[in-house]
Amino acid sequence: MDAKREKEMKKNIPAQSQDKPGLEAEMDPAPIYIRDTYKGSEKLKDKVALITGGDSGIGRAVAVHFAREGADVAIAYLPQEEKDAQDTCKLIEKEGRKCLCLPGDMRDEAYCKDVVEKTVKKFGKLNILVNNHASELYEEDFGETKNKDLVGLFDINFFSFHRVTTAALKYLSAGDTIINTSSVNNYKGNDPLVSYSATKGAISAWTRSIAKQLAEKKIRVNMVAPGPIWTPLIPACMKEKDVEGFGKQSLMGRAGQPCECATCYVFLASEDGSYFTGQALHPNGGTIVNA
């Protein structure tokens with residue numbers, strides 16, 4: 001990474017806010033989705049990946065890293081995120097790979113099936129599924145959380161993971177992989193993110209359980225549990241004043257960048273991670289957790 005981008009990575013994040021779901025194009029500073037010095041080595045040559053929430057944040061970083069490693073990529077995202085999605089598509093194509101954009105709502109069961117079918121129709125196969133999309137619910141008093149909001153959050157953050165994955169199973173075979181995005185909050189808890197942390201806990205238990213079921217088919221299932229990463233979810237879901245200095249609570253004293261998570265997904269998706277299943281990787285800036 002050049003000196004300018006290294007300085008940008010360590011820059012103090014100013015107070016800011018956005019409406020949900022948040023756009024990377026409106027963030028200050030702009031997240032770093034890949035290091036200039038990252039060299040692809042065909043770890044995923046001619047593989048096909050479907051990434052939910054692939055338009056921005058960690059999803060964009062994973063998509064661009066996968067493309068640099070030789071994969072074609074389909075990205076699923078909300079229609080409101082079209083600008084970010086088109087920017088990500090251009091970044092993938094700049095790497096010499098193909099991109100398929102799939103706007104829609106993960107709360108729609110038909111859409112969850114459709115993203116899989118359209119990916120396979122476009123590219124002829126599916127090798128890597130990354131369940132990455134998420135929303136947050138800020139709760140100063142969890143006792144005031146409405147049932148419909150709790151159910152809605154689980155629908156977005158967890159039930160849709162199950163829907164997309166079950167749709168993908170008929171196309172996945174030996175050597176293919178599923179990677180789910182969990183969170184450090186699943187392990188340490190987070191007082192204003194009670195329901196969000198619970199959805200991530202469900203993802204962790206589910207990941208380990210389906211890894212056991214799919215081991216016989218030689219399909220590996222793992223997860224990445226990021227810490228405070230600078231993504232659109234932060235200004236869209238946190239209070240404006242709390243965004244200022246985001247990430248300073250980490251042992252490293254700063255927020256992580258999406259590029260610092262994406263390499264975990266490359267590792268788990270490639271042969272480098274061939275002896276990993278049912279496991280979690282923790283790019284979290286130094287928080288000690290029980291994996």
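For the lining described in the first legend, Ala, Val, Leu, Ile, Met, Phe, Trp, Tyr, Cys and Pro count as nonpolar, Asp, Glu, Lys and Arg as charged, and the others, Gly among them, as polar. The views below show a predicted model.

**View A. The largest cavity of the predicted model and the residues that line it.** The count of cavities of 30 Å³ or more comes to 1, and the largest cavity holds about 40 Å³ of space. Its lining consists of Leu44, Lys47, Asn127, Ile128, Gly175, Asp176, Thr177 and Ala269. Sorted by class, the lining of the largest cavity comprises 3 nonpolar, 3 polar and 2 charged residues.

**View B. The second largest pocket, with the residues that lie nearest its centre.** This pocket has a volume of about 260 Å³, and 17 residues line it. Gly175, Thr177, Lys218, Arg220 and Ser274 are the lining residues that lie nearest the centre of the second largest pocket; Gly175 and Thr177 also belong to the lining of the largest cavity. By class, the lining of the second largest pocket divides into 6 nonpolar, 5 polar and 6 charged residues.

**View C. The crossing of helix 2 and helix 10.** The axes of helix 2, which spans residues 57-68, and helix 10, which spans residues 259-269, come within 8 Å and cross at roughly 50°, and the two helices are therefore oblique to each other. The crossing of helix 2 and helix 10 is right-handed. On the side of helix 2 the contact is made by Ile58, Ala61, Val62, His65 and Phe66, and on the side of helix 10 by Cys259, Cys261, Ala262, Thr263, Tyr265, Val266 and Ala269. The residues of this contact fall into 10 nonpolar and 2 polar, with no charged residues. Ala269 of helix 10 is also one of the residues that line the largest cavity shown in View A.

**View D. The crossing of helix 4 and helix 5.** Helix 4, residues 109-123, and helix 5, residues 147-168, have axes that come within 8 Å and cross at roughly 40°, which makes helix 4 oblique to helix 5. Helix 4 passes helix 5 in a right-handed crossing. From helix 4, the residues Glu109, Cys112, Lys113 and Val116 meet Ser160, Arg163, Val164, Ala167 and Ala168 of helix 5. By class, the residues of the contact of helix 4 with helix 5 are 5 nonpolar, 1 polar and 3 charged.

Technical notes:
Residues are numbered from 1 along each chain as its sequence is written. This is a predicted model: local features need pLDDT of at least 70, side-chain atom pairs count only at pLDDT 80 or more; totals for chains, interfaces and linings use all residues. Side-chain values use heavy atoms; hydrogens and water are left out. Axes are lines fitted to C-alpha atoms, for helices over the stretch in contact, and angles run from 0 to 180 degrees between N-to-C directions. Helices (H or I, at least four residues) and strands (E, at least two) are DSSP runs, numbered from the N terminus. Angles under 35 degrees count as roughly parallel, over 145 as roughly antiparallel, 65 to 115 as roughly perpendicular and the rest as oblique. A crossing is left-handed if the near helix is turned anticlockwise from the far one by less than a right angle, and right-handed if clockwise. Contact means heavy atoms within 4.5 Å. On a 1 Å grid over the protein atoms alone, a cavity is a set of points where a 1.4 Å probe fits but cannot get out, and a pocket is an open set with protein on both sides within 12 Å along at least five of seven lines; lining residues have an atom within 4 Å of a point. Grid points are joined across faces, edges and corners, and a volume is the space filled by probe spheres set on the points.
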